[in-house]
Amino acid sequence: QTGMFTYDPGFLSTASCQSSITYIDGDKGELLYRGYPIEQLATHCDYLDTCHLLLNGELPNAQERTEFHKLVTNHTMVNEQMQFFLRGFRRDAHPMAILTGLVGAMSAFYHDSTDINNPEHRHVAAIRLIAKMPTLVAMAYKYKIGQPYIYPKNSLSYAGNFLRMMFGTPCEEYEVNPVLERALDRIFILHADHEQNASTSTVRLCASSGTNPFAAIAAGVACLWGPAHGGANEACLNMLEDIQAQGGVSKVGEFMEKVKDKNSGVKLMGFGHRVYKNYDPRAKLMQETCNEVLVELGLENDPLFKLAKELEKIALEDDYFVQRKLYPNVDFYSGIVQRAIGIPVNLFTGIFALARTVGWIAQLNEMIGDPEYKIGRPRQLFTGSERRDVKPLA
Ligand code: SDX
């Protein structure tokens, strides 16, 4: 019994920690950040409000909101030296390889916020990370396409600033499209936290050694990159493009047979979840956002969106998926909407990492803030050789 929640003993043996940040009910398809349903946050709040909620436990009042927005906005520039660090990468490097390096490299620049056991250092590191992730992701993109970096513009919103750093150039003023700005801000909210997923558990375990906050977040970036986790949105879009290239909707049946054949190793990317055995509430919101953006851009007949909806329809009627309680997850539609916004496929996971940074920090703070915490040390069931002696080589 923890507060209003009761858990059966079997579940407790799988729990890695106690937390008061994010609550998921996989059977009901419910997701709450500090008690607020994700549907209400995605409708009534913006991403920085959600950051304030995750970090401090409460949505900001009007004055707190103004102060927090100002604090983050005034820390969006990165140290100029980081440009030289970027130059060490090949231009064809995967953006997640670059981002893992850049976030880790922040440990080399911001020495006044590296003591993870100092609450003030953690606060400064948190603001720097939340403020600078959009700048770093945009710099990685500009570096890869050979365009000049665009400095942040403090008069813009968090999402608007990111869009301008990504797609603006020094040659002309960049007009932020409010529909795209709102869609991106909602994508950030939907990805902000998700209790003890693989990358968050990585951040907690890494931080428990007392390393600096930037190194712990860099570990989370590296873990999120995997296609079974945050890399699924990139893998899902590649899957849709492959099916489209082979003939589109007419080929869906054949593809689904491959997915159901265990030996094929083919998975329906963007489907299934370790916790949700019902619809991922983020997937519904993502589909709505996708629709809004496609209509705004006159792409409502986007073949990939039609293909995704057909795949979802078939899967939700197919026993293989119904029996296994496989539903679309957050990654199923997020790739289509990001592609429509103009974000390259290999940067989708970078957007996920940008948005999840606040969740990783909130979870790290919760662990470090508990006076009882110790370095993580998972144990094993040993299944190897019994004790034996080395024999002379002869
Ligand atoms: C994220 O943990 C989080 O919270 C993560 C995340 C977050 O916000 O941090 O929500 C973000 O990572 C979402 C998930 C993104 N990944 C994908 O979309 C990749 C495709 N999905 C699968 O790889 C899979 O569903 C997992 C990894 C997400 C979950 O895998 P599990 O735990 O094995 O799923 P399961 O136990 O529910 O599987 C039950 C059955 C198994 O078959 P059987 O052995 O029972 O015959 O369903 C099968 C699985 O093989 N299955 C799938 C499938 N997902 C599970 N079969 C085909 N396609 C799929 N996508």
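**Labels and their grounds**

Mentor: The model is predicted, and its largest cavity has a volume of about 100 Å³.

Trainee: What makes a space a cavity, and how many of 30 Å³ or more are there?

Mentor: A cavity is a set of points where a 1.4 Å probe fits but cannot get out. By this rule there are three cavities of 30 Å³ or more.

Trainee: Which residues line the largest cavity?

Mentor: Its lining includes Met77, Val78, Asn79, Glu80, Tyr149, Ile150 and Met165. By class, the lining has eight nonpolar, three polar and one charged residue. Glu counts as charged, so Glu80, being in the lining, is a charged residue there.

Trainee: What is known of the second largest pocket?

Mentor: The second largest pocket holds about 530 Å³ of space. It has 18 lining residues, and Ser16, Cys17, Arg204, Met367 and Lys374 lie nearest its centre. Both α10 (198–207) and α18 (348–368) give two or more residues to this lining, with the largest share, three residues, coming from α10. The classes are six nonpolar, six polar and six charged.

Trainee: How do you know that α9 and α17 are in contact, and which residues make the contact?

Mentor: Contact means heavy atoms within 4.5 Å. The contact is made by Leu180, Leu184 and Ile187 of α9 with Val337, Gln338 and Ile341 of α17. Five of these residues are nonpolar, one is polar and none is charged.

Trainee: How do the axes of α9 and α17 cross?

Mentor: The axes of α9 (residues 178–190) and α17 (residues 331–341) come within 11 Å and cross at roughly 145°. The crossing is left-handed.

Terms used
Residues numbered from 1 in each chain as written. Predicted model: local features only at pLDDT ≥ 70, side-chain atom pairs only at ≥ 80, totals over all residues. Heavy atoms only, no water. Axes fitted to C-alpha atoms, helices over the stretch in contact; angles between N-to-C directions. Helix = DSSP H or I, 4+ residues; strand = E, 2+ residues; numbered from the N terminus. Left-handed = near helix turned anticlockwise from the far one by under 90°. 1 Å grid on protein atoms, 1.4 Å probe; cavity = no way out; pocket = protein on both sides within 12 Å on 5 of 7 lines; lining within 4 Å. Points joined across faces, edges and corners; volume = space filled by probe spheres on them.
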